[in-house]
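Student: I would like to learn how to read helix packing and a nonpolar core in a model. Could we work through a case?

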Amino acid sequence: MKAVNLGHTNSLALSHFQQATLSYGQACYVEAIQHYLAGLKLGAAQHHYIYADLAKAYEMVGEWNTALTCLDIALRLCPDSPTALRRKARILDEKTCYNTLIAFDDFKEPPPLRFLEQLKVSPAKFPKQVVHSEFFDLTCHSEMNSQTVWNICRLIYRTYSELGEMLGYYPASPISISITNTNGRATSQHSMPRWASGCYDGGIRLAYCAVGEPVLNILYALLRHEWVHLLIHHLAHGYCPVWLNEGLAQSIARPMFQSERLDLQQAAQMKCLLPFAVLNKPFNQLPKKYRKLAYIQSTTVAEFLIQQFGFPKIRKLLHQLGNGTPIEIAIEQVFECSLTEIPFLQGTEQMPNLAAT
């Protein structure tokens, strides 16, 4: 009987782990975490790879400390696990990069009374909080405490100021910003692309996945990314090539991870960098396996341009594009070099045929 019960327990645990894998693949990270934890209560706690996978789910919701705790358990069970060691290095790097964006001591200031009086809360089945400002109209479609909403507003003001100074443009009318917690559910294809956590389509829409309050530094990086798209839309009037648009957005949003630089280095060594013609296409139209490289490659190019020439010339380039100057000519006029001289932009002729992938 004991053996039968143990087998039944392991079967139930396996079912939870299989569902966790499925949920993770559907970007339902909170749900995946819940299944991993339920499975561990039933059995298989001696298997290091379960804790390594649980850590990856926690990583995706920005709970880096919990992820690192899971990886420490995995490494106690299997000290030389290459998967656990690799994930621990990556998560430590991600945590460091995101923590450089915000000094959390600056966000302990309680919301002022005037803000609380202006904060509108809709007492519907799906509550939402609304803030109207001179610069933005914010709608939080998930329940948050007033401190979090206040902190988000402060991050929007900071974004408006800092990125406006970088790119030399401040929106003339309030920007519509909506924020939604998917709460473990995959984002609807009708509201936002499955491959992104943010979208600019005249307004800014952000989605995060968490059990409770959003992780502010992740939300801040998403906001900065989409705000750059907003500014480029107004400056270049739709004539900015995809690689420059996405590269500037990502390089300004947050520092690059070391794992991303290693991926780029490996692609260069294997002569698998994406050619210029591919980087000019919308990244959501690329096969999934090339999307990440497209972002990394474009970010590295934008990072090079910023470091080499500075934001004044980046602004000049965007204005040239906005005037209808082709990118090849604008690059030569502003940077006094050709596209072929910009590192990582040309890729390789040995790329596989993406159209047939």
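**Helix packing and the core**

Tutor: In this predicted model, helix α12 (residues 288-309) packs with helix α13 (residues 311-322) at an angle of about 120°, and their axes are 7 Å apart.

Student: Which word describes how α12 and α13 lie to each other?

Tutor: Angles of 65 to 115 degrees count as roughly perpendicular and those over 145 as roughly antiparallel, while an angle between these ranges is oblique. The pair α12 and α13 is therefore oblique. On the α12 side the contact is made by Leu-305, Ile-306 and Phe-309, and on the α13 side by Phe-311, Lys-313 and Ile-314. Five of these contact residues are nonpolar, none is polar and one is charged.

Student: Which residues touch the most other members of the largest nonpolar core?

Tutor: That core has 110 residues, and Leu-138, Ile-177, Trp-227, Trp-243, Leu-244 and Leu-318 touch the most other members. Helix α8 (residues 216-236) gives the most to this core, with 13 residues.

Student: What is Trp-227 in contact with, leaving aside neighbours within four places in sequence?

Tutor: Trp-227 is in contact with Ile-156, Thr-159, Tyr-160, Leu-163, Pro-171, Ile-175, Ile-177 and Ile-204.

Student: How many residues apart in sequence are Leu-274 and Gln-346?

Tutor: They are 72 residues apart in sequence, and their C-alpha atoms are 7.4 Å apart in space.

How values were computed
Residues numbered from 1 in each chain as written. Predicted model: local features only at pLDDT ≥ 70, side-chain atom pairs only at ≥ 80, totals over all residues. Heavy atoms only, no water. Core = buried A, V, L, I, M, F, W, Y, C linked by side-chain atoms within 4.5 Å. Buried < 20%, exposed > 50% of the residue type's maximum accessible area, 1.4 Å probe, protein only. Helix = DSSP H or I, 4+ residues; strand = E, 2+ residues; numbered from the N terminus. Contact = heavy atoms within 4.5 Å. Axes fitted to C-alpha atoms, helices over the stretch in contact; angles between N-to-C directions. Parallel < 35°, antiparallel > 145°, perpendicular 65-115°, else oblique. Nonpolar A, V, L, I, M, F, W, Y, C, P; charged D, E, K, R; others polar.
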